[in-house]
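Please keep the sequence and the model in view while reading.

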Amino acid sequence: MIYLQTDRLIIRDNREDDLQGLYELTIDEENMRFMKSTKINSYEEAIEHLKASIDESKKIDRKKYYFAIINKKTNEYIGAIGYDVLDNRNNERIVELGYFIKKEYWGNGFVVEAGKKVINYAFYEDNVIKIEASCLKENNNSEKVMIKLGMKKEGELRKHQYHEGKWKDRLLY
């Protein structure tokens, strides 16, 4: 099990007791506005997602690293962060980073704090050579996170993603 700590957070592989926190996070429309493909619609769906994450964490040739973000002070599940392996050649990996957090924790630096720890883990313990992330151009908060994590903008895809009834631009970092 991967278990990381910062001053305020525990970042770890998901466990069965994360179900309620994961459900609350991923059923909320505002939390998931920019992550429609990850949003769940029922408690049963949350169970499936959590089970898949736990199963993946036990694999030797792991392709998905999905972590719970736990507030050390309250021991509450407040968000999720992780990465998917996009390419793995010569035991060097390129991954895509993703993150989301409950709206009551927005603006407190928790995602940046967790992101720095996960990035450090990826580069120094998991043979990652490149981390990618992206967001819709209008998702200013997500772009700010990428910048604070030290990521560099590599491109802007025009009218790339259909979202909320129209084609929108997507930023690549």
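The structure holds 26 salt bridges, a salt bridge being a side-chain nitrogen of Lys or Arg within 4 Å of a carboxyl oxygen of Asp or Glu. The model is predicted: local features need pLDDT of at least 70 and side-chain atom pairs count only at pLDDT 80 or more, whereas totals for chains, interfaces and linings use all residues. Residues are numbered from 1 along each chain as its sequence is written, and side-chain values use heavy atoms, with hydrogens and water left out.

**Salt bridges**

- Arginine 8 forms a salt bridge with glutamate 113, and their closest N and O atoms are 2.6 Å apart.
- This pair links distant parts of the chain, 105 residues apart: arginine 8 is in the loop between strand S1 (3-5) and S2, and glutamate 113 is in helix H3. Helices (H or I, at least four residues) and strands (E, at least two) are DSSP runs, numbered from the N terminus.
- Arginine 8 is partly exposed at 32% relative accessibility, whereas glutamate 113 is buried at 17%. Buried means under 20% relative accessible area, exposed over 50%, and partly exposed in between (1.4 Å probe, protein chains only).
- A salt bridge of 2.8 Å, N to O, joins the side chains of aspartate 18 and arginine 12; both residues are buried.

**Around glutamate 138**

- Lysine 168 and glutamate 138 meet through their side chains in a salt bridge of 2.9 Å, N to O.
- Lysine 168 belongs to strand S9 and glutamate 138 to the loop between strand S7 (134-136) and H4, so the pair ties together parts 30 residues apart in sequence.
- Lysine 168 is buried, with a relative accessible area of 7%, while glutamate 138 is partly exposed at 35%.
- Arginine 33, in the loop between helix H1 (19-27) and helix H2 (43-57), touches Glu138, His163, Glu164 and Lys168, not counting residues up to four places away in sequence. Such contact means heavy atoms within 4.5 Å.

**Strand pairing**

- Strand S8 (residues 155-163) and strand S9 (residues 166-172) pair in the antiparallel sense over six bridges; two strands pair if DSSP finds at least two bridges between them.
- Glutamine 161 stands opposite lysine 168 in S9.

**Nonpolar core**

- The largest nonpolar core has 34 residues, and Ile11, Ile81, Tyr83, Leu97, Val118 and Ile131 touch the most other members. A nonpolar core is a set of buried Ala, Val, Leu, Ile, Met, Phe, Trp, Tyr and Cys residues joined through side-chain atoms within 4.5 Å.
- H3 supplies the largest share of this core, eight residues.
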